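Please look over the sequence and the structure first.

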Amino acid sequence: MNTIPVSATDAAGNTTAITRAVAYSCVFGDFNGNWQVDAADVQAVAHRWRATTEPLYDFDGDGVVSVVDVMRVAAAWGNGCP
Ligand SMILES: [Ca+2]
Ligand SMILES: [Ca+2]
């Protein structure tokens, strides 16, 4: 995992800064950065089931992590980088 700094400023000039952990990978669904989609990656999405605050895991963009998002990662199971 790597971290990236992110900040945003609202209209009143208030700035919020956070650090976000990200995994760099060449394959969709690899969240822990080991270049393979496996059980750990499916668990990462399933663990956030019904979450509305984790846009990283909301692949269909409906605003919530649901079975659709989990199944997209499950469908990529076994994929890896060359
Ligand atoms: Ca992985
Ligand atoms: Ca979703």
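## Basis of the model

The model is predicted: local features need pLDDT of at least 70, side-chain atom pairs count only at pLDDT 80 or more, and totals for chains, interfaces and linings use all residues. Residues are numbered from 1 along each chain as its sequence is written, while chains are lettered from A and ligands numbered from 1 in the order in which they are written.

## The chain as a whole

The protein chain has 2 strands and 2 helices, in the order β-β-α-α from the N terminus. Helices (H or I, at least four residues) and strands (E, at least two) are DSSP runs, numbered from the N terminus. Along the principal axes, the C-alpha atoms of the chain fill a box of roughly 45 × 25 × 15 Å.

Of the 82 residues in the protein chain, 15% are buried. A residue is buried if 20 or more other C-beta atoms lie within 10 Å of its own, exposed if 12 or fewer, and partly exposed in between, with C-beta atoms placed from the backbone. Two residues are in contact if their C-beta atoms, placed from the backbone, lie within 7 Å. Among contacts between residues at least 6 apart in sequence, 33% join residues at least 24 apart.

## Helix α1 and its partner

Helix α1 covers residues 39–46, and D41, V42 and V45 are buried in it. Seen down the axis of α1, these buried residues fall within an arc of 100 degrees, so they line one face of the helix; the arc is that of the directions from the helix axis to the C-beta atoms. The face turned away from the buried side carries the exposed residues A39 and A40.

The buried residues of α1 pack against α2 (67–75). The axes of the two helices, α1 and α2, come within 9 Å and cross at roughly 170 degrees. Axes are lines fitted to C-alpha atoms, for helices over the stretch in contact, and angles run from 0 to 180 degrees between N-to-C directions. The helices α1 and α2 are therefore roughly antiparallel to each other, a term for angles over 145 degrees. On the α1 side the contact is made by D41, V42, V45 and A46, and on the α2 side by D69, V70, V73 and A74. These residues divide into 6 nonpolar, no polar and 2 charged.

## The nonpolar core

A nonpolar core is a set of buried Ala, Val, Leu, Ile, Met, Phe, Trp, Tyr and Cys residues joined through C-beta atoms within 7 Å. The largest one has 7 residues: V37, V42, V45, Y57, V65, V70 and V73. At least two residues of this core come from each of α1 and α2.

Leaving aside neighbours within four places in sequence, V42 is in contact with V70, V73, A74 and W77. The C-alpha atoms of V42 and M71 are separated by 8.3 Å, and the two residues are 29 residues apart along the chain. M71 is found in helix α2 and is partly exposed, with 13 other C-beta atoms within 10 Å.

## Two residues with positive phi

Most residues other than glycine have a negative phi. W35, not a glycine, has a positive phi of about 70 degrees. W35 is found in the loop between β2 (15–22) and α1, and counts as partly exposed with 15 C-beta neighbours inside 10 Å.

R50 is a residue other than glycine with a positive phi near 70 degrees. R50 lies in the loop between α1 and α2 and is exposed, with 8 other C-beta atoms within 10 Å.

Definitions and conventions: Parallel < 35°, antiparallel > 145°, perpendicular 65-115°, else oblique. Nonpolar A, V, L, I, M, F, W, Y, C, P; charged D, E, K, R; others polar.
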